Amino acid sequence: MTLREIQELLDAEILCGWEFLDKKIESVFASDLMSDVLAFANEKTLLLTGLVNAHTIRTAEMLDISAIVFVRGKKPDEETLELAKENKMVIMSTKHIMYVSSGILYTNNLKGASLPKK
Amino acid sequence: MEDVRKIKVKYMVEKDDFMRAGQASSNIKKILKKLGLDSQILRRVAIATYEAEMNIIIHSEGGFIELEIHPDKIRINVEDNGPGIKDIDLAMKAGYSTAPNKIRELGFGAGMGLPNIKRCCDEFNIKSSLGEYTRLELLIYNK
């Protein structure tokens, strides 16, 4: 599924990365805990989170995650967005809560991120 | 002929420096990317160094991350100036954490750091002396 379709499904506002909306997403990881994201998420994964700070972007950067949707209408500050832009990420904000956002994406056939084997 | 080139970089990491948290790991990742490292290995190095960097910032009196890039492996040395870990086995247990609430609010402190570093490495060595230091010696093979 493309990020553009995800944006439509979640009725999300795009905060940066308009030029990358054709990128494909294969799975989703939803968490506010960056420690868990670091342990379990992989690339081509969309990160769904309520944690809006620079650490969210840094964590995504380390994992090559190129798209983040902030839930419950949350938006990062300018500095955090700048960091996302530097890393060529797509950042969106949806009014839905985490549970509803996850449900919408899941019922549209986006799978959860698979856990690493090692 | 065997390639004996070795690149070494060292980053100092300050205690409680949440503003710059992740910068060392980000720089390390950029260097390795420029060198054309395989993306899976790159991710493992990035995760290990980022967790280590956060550990220094959250738990220690400050320290450094040193990276040695060999043709066949990446060596990561992490060392801080204390306070040391009382019970390493406990610290290695997934879910065990001594991080305060303000750290958890930043999305960290879930007790996954050290186990996650270990998972990313081919060789993992931890040494700690109470009141002195904690030292990690990590190896990730390049292929």
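This is a predicted model: local features need pLDDT of at least 70, side-chain atom pairs count only at pLDDT 80 or more; totals for chains, interfaces and linings use all residues.
Over all chains, the structure holds 11 salt bridges, and the pairs treated here include one in chain A and others in chain B.

In chain A, a salt bridge joins the side chains of Glu13(A) and Lys75(A), with a distance of 2.9 Å from N to O. The two residues belong to distant parts of the chain, 62 residues apart, since Glu13(A) is located in strand E1 (residues 13-16) and Lys75(A) in the loop between strand E4 (67-70) and helix H4 (78-86). Glu13(A) is partly exposed, its relative accessible area being 38%, and Lys75(A) is also partly exposed, at 46% relative accessibility.

In chain B, Lys8(B) and Glu68(B) form a salt bridge in which the closest N and O atoms are 3.9 Å apart. This pair links strand E1 (residues 7-13), where Lys8(B) is found, with strand E2 (residues 63-69), which holds Glu68(B), across a separation of 60 residues. Lys8(B) is partly exposed at 49% relative accessibility, whereas Glu68(B), with a relative accessible area of 9%, is buried because this value falls under 20%. Together with Arg75(B), these two residues are linked in a network of salt bridges.

A further salt bridge of chain B connects Arg44(B) with Asp122(B), whose closest N and O atoms lie 3.2 Å apart. Arg44(B) is part of helix H2 (residues 39-59), while Asp122(B) sits in the loop between helix H5 (113-120) and strand E4 (123-129), so the pair ties together parts of the chain that are 78 residues apart in sequence. Arg44(B) counts as partly exposed, at 22% relative accessibility, as does Asp122(B), at 33%.

Technical notes
Residues are numbered from 1 along each chain as its sequence is written. Chains are lettered from A and ligands numbered from 1 in the order in which they are written. Side-chain values use heavy atoms; hydrogens and water are left out. A salt bridge is a side-chain nitrogen of Lys or Arg within 4 Å of a carboxyl oxygen of Asp or Glu. Helices (H or I, at least four residues) and strands (E, at least two) are DSSP runs, numbered from the N terminus. Buried means under 20% relative accessible area, exposed over 50%, partly exposed in between (1.4 Å probe, protein chains only).
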